[in-house]
Amino acid sequence: MSDTNRPALVLLGGFLGSGKTTLMMRIGEELSSRGIATAVITNDQGENLVDTAHARERGLAAAEIPGGCFCCKFGDFVTHLSEIRRTVAPRVILAEPVGSCTDLTATVLTPLSLYHSGLARLAAYIVLADGPRLIGEYRRMNLGAPVTPREVLIAHQICDARRLVVTKTDLLTPEEVADAVGFLRGLSPDAQIVTCSAVSGEGIEPLIEWVTTDDEIELSDSPDLDYDVYAAAEAEMGWYNGRATITAPAGLRIDDATTDLLLGLKAEFGANLIHGKVLFVCEYGSLKAGVVDGRIGIDSGLSSTNPVTEAGLTVNVRAAAAPREIDATVGRLIDELCDRVGASVSDYMHRAIVPGRPVPQHRIRRNDGST
Ligand SMILES: Nc1nc2c(ncn2[C@@H]2O[C@H](COP(=O)(O)OP(=O)(O)OP(=O)(O)O)[C@@H](O)[C@H]2O)c(=O)[nH]1
Ligand SMILES: [Mg+2]
């Protein structure tokens, strides 16, 4: 990397559950081990984020922009960029936009390059696509000629970036990986496409090269997007974020409790569960796990499975369901878990919302120059 004072900024976009946080942690840890100071910025429609807590537990400097995506909170994004630059002085900043957000070329990258180019060098804009979903759910959708709001959103995310990653290749056979790449290539013929598993580490090296480049990306024009349809896609989803302290005099096994909660979410919401995440923090460290596409993944384990008497719990759920329903269901699942182990809940803070219409502070498309 060249000796420049400006940190490299890398945006890692992609639909909910595509593996952004997991890959960001993996890249962050890899860069740190090479002596490259790295910070992350997470983003969500709500507060109390599993992702931010997880990053901090893993020792990465992390800033969080809650309550809206980078585009609608562009001012906050700029403030956090300069703040993290001043306090941490990273060489690389990895930023994860909300998984239901798109149009970042027009709403984040172009405004940054026009108005705040001194803050960071735009090193890469990478969009992730979930490998198993590419060859399953996405293949059954009309992403090539999108019709439904969800199809429009996912297709736009993929076409907005010139660099794409097929994630979770450890869950696919080599033939399925080739199939997933071919499918993605059909949607975005000119993009650079790599494949990787953040779990096994396979395919990480090309990504490290993308992230540590000395270059600055050339901004292309962003594909057109109907904001009414985009808003409809966001409005189909309910977002629940909650946090509580669990006190269990008779002892609570965190691994069992995590599985219980995730299986409960899966059973309650079925195919409508887009991404459920659980983070427990206790005396043995933290355990983060999630469920996507019906599959449970453990992202970080504890040093011991011995029962604990107190733990902090954070739960984030994104589902195609009414917020009230998600809120009530998660509350009941936590209560049922506590009843089973004789535990009690305190300091329970929870909020469930439908994201509002995306209203970016700037939207600059190169061919019309409007803001
Ligand atoms: N097997 C496998 N699982 C993965 C991999 N990457 C992510 N996962 C799992 O996929 C789930 C979602 O991963 P995240 O990194 O949280 O996804 P995300 O894109 O940040 O999701 P949002 O923050 O909701 O937008 C987690 O349960 C991970 O365990 C991978 O390379 N292999
Ligand atoms: Mg995430």
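Reader: By class, how many nonpolar, polar and charged residues does the lining of the largest cavity have?

Author: This is a predicted model, in which local features need pLDDT of at least 70 and side-chain atom pairs count only at pLDDT 80 or more, while totals for chains, interfaces and linings use all residues; side-chain values use heavy atoms, without hydrogens and water. Residues are numbered from 1 along each chain as its sequence is written, and chains are lettered from A and ligands numbered from 1 in the order in which they are written. A cavity is a set of points on a 1 Å grid over the protein atoms alone where a 1.4 Å probe fits but cannot get out, and lining residues have an atom within 4 Å of a point. With Ala, Val, Leu, Ile, Met, Phe, Trp, Tyr, Cys and Pro as nonpolar, Asp, Glu, Lys and Arg as charged, and the others, Gly among them, as polar, the lining has six nonpolar, three polar and one charged residues.

Reader: Which elements each supply at least two residues of that lining of the largest cavity?

Author: The lining includes L128, A129, D130, I154, Q157 and I158. Helices (H or I, at least four residues) and strands (E, at least two) are DSSP runs, numbered from the N terminus. The elements are β5 (121–130) and α7 (149–160).

Reader: Where does ligand 1 sit?

Author: A pocket is an open set of grid points with protein on both sides within 12 Å along at least five of seven lines. A molecule sits in one if more than half of its atoms lie within 2 Å of its grid points. By this rule, ligand 1 sits in the largest pocket.

Reader: What percentage of the area that ligand 1 exposes taken alone does the protein bury?

Author: Among the polar contacts (pairs of N or O atoms within 3.5 Å), a polar side-chain atom of D170 lies 2.7 Å from a nitrogen atom of ligand 1, and a backbone N or O atom of G17 lies 2.9 Å from an oxygen atom of ligand 1. By the Shrake-Rupley method with a 1.4 Å probe, ligand 1 taken alone exposes 650 Å², and the protein buries 94%.

Methods
Polar contact = N/O pair within 3.5 Å; in protein donor to acceptor, adjacent residues only side chain to side chain.
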